Amino acid sequence: EAAARRERYGLFARALGPGEALLTAHHQDDQLETVLLQLLRGAGLRGLAAMPAIAPFGRGWIARPLLEMQRAELEAWAHEHALAWVEDATNADEHLDRNYLRRQIVPLLRARWPSAAGVVSRGARHVAEAQRLLDLLARTDVERAAVADALAVTRLRVLPEDRRRNALRYWIVQRGHTLPDARRLSELAGALLAARADAHPEVRWGDTLARRDGDRLSLQRVSERMPSRARARGAAVTDVSVRDEMSAEAGAAPLLDLEWFPRKTALELPAGLGRLELTRDPHGPIDLDAMPEPLTVRLRRGGERLRLTPSGPRRLLKSLLQEARIPRAERARIPLLWSGERLLAAADLWVDVAVRAEVGRPRRGRLVWHR
């Protein structure tokens with residue numbers, strides 16, 4: 001059921017144009033079933049809030065204008081207007097949890113509590129309001145701990161454990177990943193953050209990997225490696241020592257100078273440096289319409305600077321790396337994305353204000369460094 005739902009909504013999201021809305025016919029009885037299913041799965045507040053009346057979806061919105069109406073009302077209206085509809089044959093299969101609830105459990109609830117659907121829907125709205133307040137608190141905590149697209153472990157550890165879990169849940173959802181189960185979330189908020197700085201612990205669920213490097217906690221998508229279709233034409237790769245202040249970090253890293261068209265394909269990097277990919281993401285930090293092509297991918301050579309906020313200074317990349325406590329051995333292997341003489345991004349760590357998405361931008365994305 002879950003796999004079919006993900007596929008269905010994925011197709012809808014990809015078909016939706018900028019600013020368009022997908023209208024669904026979910027009604028009050030659907031909301032009752034959803035809340036019951038979430039309760040039986042041990043869901044938290046976000047799950048118990050069930051289906052919102054309207055929410056961001058793909059490049060537009062998903063709206064449920066019939067959510068306050070009962071199924072019986074809609075069916076009576078359809079009969080009155082002589083409408084025909086298709087009845088899904090699987091609706092009678094009580095091996096499926098939702099069908100079992102709909103056919104066996106909900107009629108018993110209605111017999112005892114006729115207004116059950118309306119009452120539960122009202123309760124879901126109260127839960128959604130509580131979740132919004134928790135999200136406001138989480139956003140404040142995440143902003144205080146943010147280091148580019150990562151979080152500073154030392155700033156998370158000062159939070160009480162329940163507030164820490166709340167912040168991590170919010171951050172994971174905002175980064176476009178699915179939430180982990182309770183056990184993995186506890187590992188993430190507890191053992192992973194408490195580990196030694198040089199231990200490099202990881203927690204994985206589904207296609208998401210949470211990784212700690214020094215004081216930095218980051219998320220990445222885990223998937224099968226794509227075939228190399230993006231070798232730069234005529235690009236020269238030379239194994240040389242990285243000069244100046246780089247020499248003490250990872251002198252064996254290759255000096256790259258690769259051309260990349262990020263909207264067309266991923267880029268396989270040589271010398272075991274991984275793969276770069278620009279993905280569509282409604283919560284991503286990059287304005288896809290502002291991202292130029294082609295880009296040049298290089299490694300550090302010293303003196304690079306990024307402007308992270310419109311009114312802020314151009315920060316030395318070296319200082320950012322030191323503040324994030326990224327291990328010295330990894331700093332020289334971080335791919336840098338250039339447009340001409342301007343540094344636009346340091347892998348998936350920091351993005352220059354020139355391509356950073358502002359609130360309301362319709363086409364957003366994020367860089368993913370698979371390593």
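Arginine 315 is partly exposed, with a relative accessible area of 25% (buried is under 20%, exposed over 50% and partly exposed in between, with a 1.4 Å probe and protein chains only). Its side chain forms a salt bridge with glutamate 323, with 2.4 Å between the closest N and O atoms (a salt bridge is a side-chain nitrogen of Lys or Arg within 4 Å of a carboxyl oxygen of Asp or Glu). The model is predicted: local features need pLDDT of at least 70, side-chain atom pairs count only at pLDDT 80 or more, and totals for chains, interfaces and linings use all residues. Residues are numbered from 1 along each chain as its sequence is written, and side-chain values use heavy atoms, leaving out hydrogens and water.

**Salt bridges**

- The search of the whole structure finds 21 salt bridges.
- One of them joins arginine 366 to aspartate 149, whose closest N and O atoms are 3.7 Å apart.
- Arginine 366 belongs to strand β21 (residues 364-370) and aspartate 149 to the loop between β4 (146-147) and β5 (150-152), so this pair ties together parts that are 217 residues apart in sequence. Helices (H or I, at least four residues) and strands (E, at least two) are DSSP runs, numbered from the N terminus.
- Arginine 366 counts as buried at 5% relative accessibility, and aspartate 149 is also buried, at 14%.
- Aspartate 352 and arginine 342 meet through their side chains in a salt bridge of 2.7 Å, N to O.
- That pair links distant parts of the chain, ten residues apart: aspartate 352 sits in the loop between β20 (350-351) and β21, and arginine 342 in strand β19 (residues 342-346).
- Aspartate 352 is buried, with a relative accessible area of 0%, whereas arginine 342 is partly exposed at 32%.

**Helix packing**

- Helix α2 (residues 28-40) and helix α6 (residues 116-145) have axes that come within 9 Å and cross at roughly 65°. Axes are lines fitted to C-alpha atoms, for helices over the stretch in contact, and angles run from 0 to 180 degrees between N-to-C directions.
- The crossing of α2 and α6 is left-handed (the near helix is turned anticlockwise from the far one by less than a right angle; clockwise would be right-handed).
- From α2, the contact uses Gln28, Gln31, Leu32 and Val35, and from α6 it uses Ala116, Ala117, Gly118, Val120, Ser121 and Ala124 (contact means heavy atoms within 4.5 Å).
- These contact residues divide into six nonpolar, four polar and no charged. Ala, Val, Leu, Ile, Met, Phe, Trp, Tyr, Cys and Pro count as nonpolar, Asp, Glu, Lys and Arg as charged, and the others, Gly among them, as polar.

**Aromatic pairs**

- Two aromatic pairs are found in the whole structure. Rings of Phe, Tyr and Trp (its six-membered ring) pair if their centres lie within 6.5 Å; planes under 30 degrees apart count as stacked, over 60 as edge-to-face and the rest as tilted.
- Tyrosine 9 and phenylalanine 12 pair edge-to-face, at 6.3 Å centre to centre and 90° between the planes.
- Both residues of that pair lie in helix α1 (residues 2-15), three residues apart, about one turn of the helix.
- Phenylalanine 12 counts as partly exposed at 39% relative accessibility, while tyrosine 9 is buried at 14%.
- Tyrosine 9 also pairs edge-to-face with phenylalanine 57, at 5.9 Å centre to centre and 90° between the planes.
- Since tyrosine 9 lies in helix α1 and phenylalanine 57 in strand β2 (residues 54-57), the pair ties together parts that are 48 residues apart in sequence.
- Tyrosine 9 and phenylalanine 57 are both buried.
- Tyr9, Phe12 and Phe57 are linked into a cluster by ring pairs.
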